[in-house]
Number of protein chains: 2
Amino acid sequence: MDPIFTHVAAREAVSEPALAAMRAVVGEAHVSVAPEDLDRAGKATIPDAKRPGVIVSPANAQEVAAILRLCADQRLHVWPVSTGRNWGYGSATAVREGAVLLRLSRMDRIIEVNEPLAYAVVEPGVTYRQLRAYLGVHHPNLWSDSTDGPPDGSVIGNALDRGLGVTHYGDHFGTLCGMEVVLPSGEIMRTGGGPEGCKTWHTHKWGVGPYVEGLFSQSNFGVVTKAGVWLLPKPEAFASFTFDLAREEDLPKLVDIIRELALRQIVTSAVHLVNDICALSVLAQYPAHLVAGHSRLPADALAEMRRKYLVASWSFGGGVQGTAAQVRIVKKELRSRLAPLGRLMFVDDATVGLASAALAVARSGPLGRPVEWAVRTFTGKSLEMLEAGPHIHNVLKGIPSDYFVRHAYFKSEKPKPERADPDRDDIGGIWFAPIAPMSGGHVSEVLAICRPLFERFEFDFYAALLVQNARSMIILTSIFYRKDDPRQTDNARALYHALGEATSRAGYQTYRMGVGSMGRLAQNAPEFISFTRRLKQAIDPAGMLAPGKYGA
Amino acid sequence: MDPIFTHVAAREAVSEPALAAMRAVVGEAHVSVAPEDLDRAGKATIPDAKRPGVIVSPANAQEVAAILRLCADQRLHVWPVSTGRNWGYGSATAVREGAVLLRLSRMDRIIEVNEPLAYAVVEPGVTYRQLRAYLGVHHPNLWSDSTDGPPDGSVIGNALDRGLGVTHYGDHFGTLCGMEVVLPSGEIMRTGGGPEGCKTWHTHKWGVGPYVEGLFSQSNFGVVTKAGVWLLPKPEAFASFTFDLAREEDLPKLVDIIRELALRQIVTSAVHLVNDICALSVLAQYPAHLVAGHSRLPADALAEMRRKYLVASWSFGGGVQGTAAQVRIVKKELRSRLAPLGRLMFVDDATVGLASAALAVARSGPLGRPVEWAVRTFTGKSLEMLEAGPHIHNVLKGIPSDYFVRHAYFKSEKPKPERADPDRDDIGGIWFAPIAPMSGGHVSEVLAICRPLFERFEFDFYAALLVQNARSMIILTSIFYRKDDPRQTDNARALYHALGEATSRAGYQTYRMGVGSMGRLAQNAPEFISFTRRLKQAIDPAGMLAPGKYGA
């Protein structure tokens, strides 16, 4: 067993006196050991998810501090989550069984929005949906970024996991500035080194003295109970675009072009370049007759779906913002660089309205067939893609959407629900997300490592290439598997392991890890982990906070 | 005495056996206890600079590691510097007397330049001048950023001090990616959490697991011996501009406009908005007859100098880059926002040539007087400003220049030297650099705190407002004092102390600290320093590495 785990006793159940003490801190209603609650909290789309021992929901930093002190005394280990939507990486589940699940969703105050300086100060329970709705009412000149994942994901939680959004504020950790943190000792610390009431707490990211906020991302050094998040001033003009690559073999060239455009700041949004399976998972589901017998779409079925939905081998969307004149110029640049390689289409608020109107006619009116024919012929889009259009356009403005996360139901025999909740619905899915220098050569190498492994373990190869910054691209892959099928589950586990081994061996790191694989960090980077463990030991000598998280 | 200092014995001299051991590691020639060397290394523009006990210059990370281990054994304290050009903050001098000065200037290899991914990997001895010259020869499509400070400053050193440059890559710590660090234990660690040979070490800033690189900036947790630095792709088009504010009372409005332009990414360069004294210090020197008797320019002398050199109350320059069409649009936006408040002038490579030609005629030919008259009348510039033009234009492209640092000689009776070295030349100067949210109100408040203190202690009020990011502005002030005048030196010390107290009390932090004031951090932010000291204790239990640096 990993030495870091030995500080905390493994426990079957939390003792009654400990529960009573917790109830005294947060109130009766906010401590649960009800088996159905624990079962639910222990569900995740990954295999081998761990069930917590108790769920505690504090209302503020002082209660968080009291719970941490109490757990240190009782030698309990605590797993903090914001809203727990870490789907594909472990949801709300811990590395170890029996954790005190510290759920921060009650701490959902938007404490401040500073319009001239374009930032908000929020608690970890604040969601993308909530923040954007709030801004829409009170500060319509500010936009927030969002992932294309769950709208009820936590703004702070995602940023601390270093998640990626879609606009030019897509590097969520990069837009986090100024934190309040409860340390394992129960002390409450402000980052930034400023004096009491420091006025640049949420405007000057590095502060003075060592920059320590990075220690609270992808780690277990403290519980962030408040943070500043930079917001986008609403641009004067905005357009989105979609691009479909004509020839699959041009992918390396396309990646190089995206990098050049990103380095030149022509492309500033966190572009998601998706392959056929990824696009299909958003637009459609497995044909009903294939769900049971196939862990992987047969080649002819895939070809048929691609024809039906008019899905390219690779396609992507992006946002363009600035003054009207700037948007015009960027569109021109994109046209000159991208159009030779495929189909480029620009969308603005007016086009989106038109598309919705065409869709309504095609879906209901007597003119359905000819309209569908016209859409497919002249735009190269299927009706399903037309339907996706407004969602893509809006999410590129940072407006959260339930639309995309429903892709998780691709292999489910249940229809996609209005509000996706793959944990609830027993959906199997694991993200595996290596990151490569953004060059055609490197990205192709990672794809060439991963794709055959997906084939060997008989899974569809889902890939989305995400621009993390102008020099790096996340190769986000997803293993769709059926949790009710033990063989698929075994294969998913084995594939996940094989992907980690093969990419590490080739010199690629992951940008983020699932709870099931965090131990690998210690194998990959022993001196680094030895360093972070020494820091951890200094801040959390009992090893009580999220033991095993990111290897420390 | 601060408890953190008690780990290391205060020593008068380094023992002979210790010196012999150091010589065995780095070679006879690279260890010096020669009094003239120690005296020189102990000189700084700040008062009360501390003399080192020995100077050691290692050649590589292994030698750094050996020296750190040796010093830990011998209970010596080590003060690492890159090239030691930290002028105004302490130069190469330590917080404490008698340090082992670890000078990294021999480690000056440019290890790699990756042109497609636009980064370099350098050692701490690599200077701005060296890197830019190297790129000019080998990679003319890449630009490096630079400060407008010493060209022989270290690229890594400045970034670790979180210094600011001038282009849109001006946030130097923000462009640092992937470090090799020698820890106080002598271990050599790669940051980033990646596997051996990790391909995103220098492209993916956050790595995987906790982001720890921030711990090595403005701190004393390790010696960075190698780092990746992001470079700018040479833009297709570039223009610079200068702006002179017409009415001093419009400063708050101007600051708000700069913020809006920065948030909208119209202004992307790290603009330096300078006041009259700052501009004059670059263009001129004290009138000879005033140097001795006046610690502060009399009002009439200042007014006369402003008239002579045509210096505005506030002025700034900035760079515009992108495609030719993008540059045109940004120029138009700048014109529409700035022109109502003062005089805006754009400069490109052609204009710069013209200006130099006009200057040559005005300075030498028989047409000198009429040309000078025409320049002053039609451009609003003095000949000295015309002379400054090319330096401003070039530095805004990231080309290092000896021109601006000579401002330090403003109050010297010696003429400005070709190559400034204020330490050598016994120049007195202290930077005091609070940072404010970039709003007219906040910046005015800080100025209103600082300016009367400069007056009370009878010093010229030098201020440069630097755009650190789109939300924050550094209010860089400088105390010019005569080191040969004990009263001025006392007053400089007292002013520096008063500035720190008054700005902290008002809720403003500094963006960077001089070695003489780092202890203040512990007063201002006790929980923060208690946290960083616990980390420090874990990594450097003997407290041997740069004790007292940034409060830990």
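**Entry 1: buried side of H11(A).** I looked up which residues of H11(A) are buried and found Val352(A), Ala355(A), Leu359(A) and Ala362(A). I then looked down the axis of H11(A): the buried residues fall within an arc of 90°, so they line one face of the helix. I note that the model is predicted.

**Entry 2: what covers that side.** I searched for the elements that cover the buried residues of H11(A); they include strand S15 (342-347), helix H12 (368-379) and helix H13 (383-395) of chain A.

**Entry 3: the other side.** I turned to the face of H11(A) pointing away from its buried side, where I found the exposed residues Ala350(A), Leu354(A) and Ser364(A).

**Entry 4: length and end of the helix.** I recorded that H11 of chain A runs over residues 349-364, which makes 16 residues. From its first C-alpha to its last, H11 of chain A reaches 23 Å, close to the 22 Å expected at 1.5 Å a residue. At the N-terminal end of H11(A), I found Asp348(A) as a cap, with a side-chain oxygen 3.0 Å from the backbone nitrogen of Ala350(A).

**Entry 5: cysteines.** How many disulfides does the structure hold over all chains? I found zero. Cys450(A) is in no disulfide, and the nearest cysteine sulfur, that of Cys278(A), lies 14 Å away. A disulfide requires sulfur atoms within 2.5 Å. I also checked the accessibility of Cys450(A): at 0% relative accessibility, Cys450(A) counts as buried. In chain B, Cys177(B) is likewise in no disulfide, and its nearest cysteine sulfur, that of Cys198(B), is 9.5 Å away. Cys177(B) has 0% relative accessibility and therefore counts as buried.

Definitions and conventions. Residues are numbered from 1 along each chain as its sequence is written. Chains are lettered from A and ligands numbered from 1 in the order in which they are written. This is a predicted model: local features need pLDDT of at least 70, side-chain atom pairs count only at pLDDT 80 or more; totals for chains, interfaces and linings use all residues. Side-chain values use heavy atoms; hydrogens and water are left out. Helices (H or I, at least four residues) and strands (E, at least two) are DSSP runs, numbered from the N terminus. The expected span of a helix is 1.5 Å times one less than its number of residues. Buried means under 20% relative accessible area, exposed over 50%, partly exposed in between (1.4 Å probe, protein chains only). The arc is that of the directions from the helix axis to the C-beta atoms. Contact means heavy atoms within 4.5 Å. A polar contact is a pair of N or O atoms within 3.5 Å; within protein, one must be able to donate a hydrogen and the other to accept it, and residues adjacent in sequence count only if both atoms are side-chain atoms.
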